Amino acid sequence: MYCTMLEEAVQSLKRLDQDRGPEEIVPEITIPLDASIPDTYMNDASQKLMAYKRLAKISDRDELNEIEEEFRDRFGEPPGPLTNLFAVIGLKVTLGGLKIKKIEHTGRDLVISITDQTPLNHEKLFTIVRKATAPIKLLPEGKIVVRTDKQGKELIDLTRNILMDLTGV
C-alpha cells in the first residue's frame with residue numbers, strides 16, 4: 001500500500017512538472033549605470049523599499065508604464081537615475097520575453113548570453129555579423145559579443161536595437 005501511494009505521489013509530481021512548461025528565465029543585467037531611486041525624489045526609506053519590491057516584480061511593459069505614470073503623479077518628473085532604472089527594467093522585461101539570460105558590459109564589449117529558447121533569426125544574425133561596422137563575435141557557448149564604446153543609457157539603447165535586429169521584436 002505504501003509503495004502504491006508513493007508511486008501515485010511521484011506520478012502526480014511528474015504531471016505538475018510537465019504542466020509548468022519550460023523554466024522561466026530571469027535575466028541578469030550588468031551594465032555600469034546609475035539606476036536607482038534617489039533620496040531627493042523619494043526620501044522615506046520604507047516607501048522606497050516598497051517601490052523597489054514593486055519594480056522587481058514587473059513582468060510586462062504595460063505594468064512598467066503604469067508604475068512610471070504613478071511615480072510621476074505622486075512624486076513629479078523622475079530624475080536621471082530613476083529614468084535609467086525604468087530603462088533597465090524595460091530591458092529586463094524584453095530579455096525575459098526573448099529568453100535571454102544575461103546582458104553584461106565587460107570593458108569595451110557588450111555580451112549577450114542567449115539560450116536554446118531565444119527566438120533568433122539566424123539569417124539576420126549572420127548578415128548582421130558580416131555587415132557590422134563594429135566587431136561582432138559569435139561564441140559557441142551561446143554568446144554574442146559586440147565591441148562598443150557606448151556607456152550608460154546609450155548602452156541600453158544599443159542593446160535594445162541589437163535585439164530588435166536579431167529577433168524582430
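Reply: Helix α4 (residues 80-97) lies across β1 and β2 (100-106) and runs at about 140° to β1, where axes are lines fitted to C-alpha atoms, for helices over the stretch in contact, and angles run from 0 to 180 degrees between N-to-C directions. This is a predicted model, in which local features need pLDDT of at least 70, side-chain atom pairs count only at pLDDT 80 or more, and totals for chains, interfaces and linings use all residues. Residues are numbered from 1 along each chain as its sequence is written, and side-chain values use heavy atoms, with hydrogens and water left out.

Me: What makes α3 a helix, and how does its reach compare with the span expected at 1.5 Å a residue?

Reply: Helices are DSSP runs (H or I, at least four residues), strands likewise (E, at least two), numbered from the N terminus, and α3 (residues 61-75) has 15 residues. The expected span is 1.5 Å times one less than the number of residues; α3 reaches 21 Å from its first C-alpha to its last, close to the 21 Å expected.

Me: Which residues of α3 are called buried, and why are they placed on the same side?

Reply: Leu64, Ile67, Glu68 and Phe71 are the buried ones, buried meaning under 20% relative accessible area, exposed over 50% and partly exposed in between (1.4 Å probe, protein chains only). They cover an arc of only 105° around the axis, so they lie on the same side of α3, the arc being that of the directions from the helix axis to the C-beta atoms. On the other side, Asp62, Glu66 and Asp73 are exposed.

Me: What do the buried residues of α3 pack against?

Reply: They pack against α2 (45-56) and α4, contact meaning heavy atoms within 4.5 Å.
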